[in-house]
Amino acid sequence: AFQAALDYSAGADKDDWRRNLVKYVAEVLSRRHVEFYEGILDLLHESGLKDEAELLTPFTIAAGYWKKGDDVEVLDRLNPEVRKLVEQIIETAAGPPLE
């Protein structure tokens with residue numbers, strides 16, 4: 001399904017598509033589906049959508065935080081503005097990963 005969304009992106013308004021991508025990823029990570037998110041990133045890279053993958057950097061950092069067992073050092077290395085975004089993502093997560 002996500003590949004179909006990528007195919008649709010070629011003809012869609014870029015700003016609108018990017019807003020929807022961020023909303024979708026926020027929903028995915030609100031449930032802490034880190035492995036699914038990593039698949040999304042892989043598809044973005046394979047499709048040559050580097051800018052879109054970079055747009056998701058705060059989500060990628062949050063996913064890394066969870067993968068490292070809620071490692072606060074991941075957050076300590078961030079500048080304050082990015083850290084605030086990442087902390088918001090972490091705070092909205094619904095708890096442990098659903099499998």
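Contact here means heavy atoms within 4.5 Å. With that settled, here are the close-ups, all taken from a predicted model.

**View 1. Phe2 and its neighbours.** Phe2 sits in helix α1, which covers residues 2-9. Leaving aside residues up to four places away in sequence, Phe2 touches Leu21, Tyr24, Ile40, Leu43 and Leu44. Take Leu21 from that set: 19 residues separate it from Phe2 along the chain, and their C-alpha atoms are 10.0 Å apart. Is Phe2 buried or exposed? Its relative accessibility is 11%, and the cut-off for buried is under 20%, so Phe2 counts as buried.

**View 2. The whole chain, for orientation.** Before going further in, step back for a moment. The chain has 7 helices and 0 strands, giving the pattern α-α-α-α-α-α-α when read along the sequence. Its radius of gyration is 14 Å, close to the 13 Å that the globule rule gives for 99 residues, so the chain is as compact as a globular protein of that length. Taken along the principal axes, the box filled by the C-alpha atoms is roughly 40 × 30 × 20 Å. Of the 99 residues, 33% count as buried. Now look at contacts with a separation of 6 or more: 59% of them are between residues 24 or more positions apart.

**View 3. Helix α5 against helix α7.** Here α5 (residues 57-67) packs on α7 (residues 80-92), with the axes 9 Å apart and at an angle of about 60°. That angle makes α5 oblique to α7. The crossing of α5 past α7 is right-handed. Which residues make the contact? On the α5 side they are Pro58, Phe59, Ile61, Ala62, Tyr65 and Trp66; on the α7 side they are Val82, Leu85, Val86, Ile89 and Ile90. Sort the contact of α5 with α7 by class and you get 11 nonpolar residues, no polar ones and no charged ones.

**View 4. What covers helix α5.** Stay with α5, but look at its buried residues. These are Pro58, Phe59, Ile61, Ala62, Ala63, Tyr65 and Trp66. What lies over them? The cover includes α2, α3, α4 (50-55), α6 and α7.

**View 5. Just past the end of α5.** Follow the chain out of α5 and you come to Gly69, with a positive phi of about 70°. Asp70 belongs to the loop between α5 and α6 (72-76). Its phi is near 55°, which is a positive value in a residue other than glycine. For background, most residues other than glycine have a negative phi. How exposed is Asp70? At 36% relative accessibility, Asp70 counts as partly exposed.

**View 6. Arg32 in the loop between α2 and α3.** Arg32 lies in the loop that links α2 (14-30) and α3 (34-46). Arg32 is not a glycine, and its phi is positive, near 55°. Is Arg32 buried or exposed? With a relative accessible area of 15%, Arg32 is buried.

Definitions and conventions: Residues are numbered from 1 along each chain as its sequence is written. This is a predicted model: local features need pLDDT of at least 70, side-chain atom pairs count only at pLDDT 80 or more; totals for chains, interfaces and linings use all residues. Side-chain values use heavy atoms; hydrogens and water are left out. Axes are lines fitted to C-alpha atoms, for helices over the stretch in contact, and angles run from 0 to 180 degrees between N-to-C directions. Helices (H or I, at least four residues) and strands (E, at least two) are DSSP runs, numbered from the N terminus. Angles under 35 degrees count as roughly parallel, over 145 as roughly antiparallel, 65 to 115 as roughly perpendicular and the rest as oblique. A crossing is left-handed if the near helix is turned anticlockwise from the far one by less than a right angle, and right-handed if clockwise. Ala, Val, Leu, Ile, Met, Phe, Trp, Tyr, Cys and Pro count as nonpolar, Asp, Glu, Lys and Arg as charged, and the others, Gly among them, as polar. Buried means under 20% relative accessible area, exposed over 50%, partly exposed in between (1.4 Å probe, protein chains only). The radius of gyration is taken over C-alpha atoms; the globule rule is 2.2 Å times the number of residues to the power 0.38.
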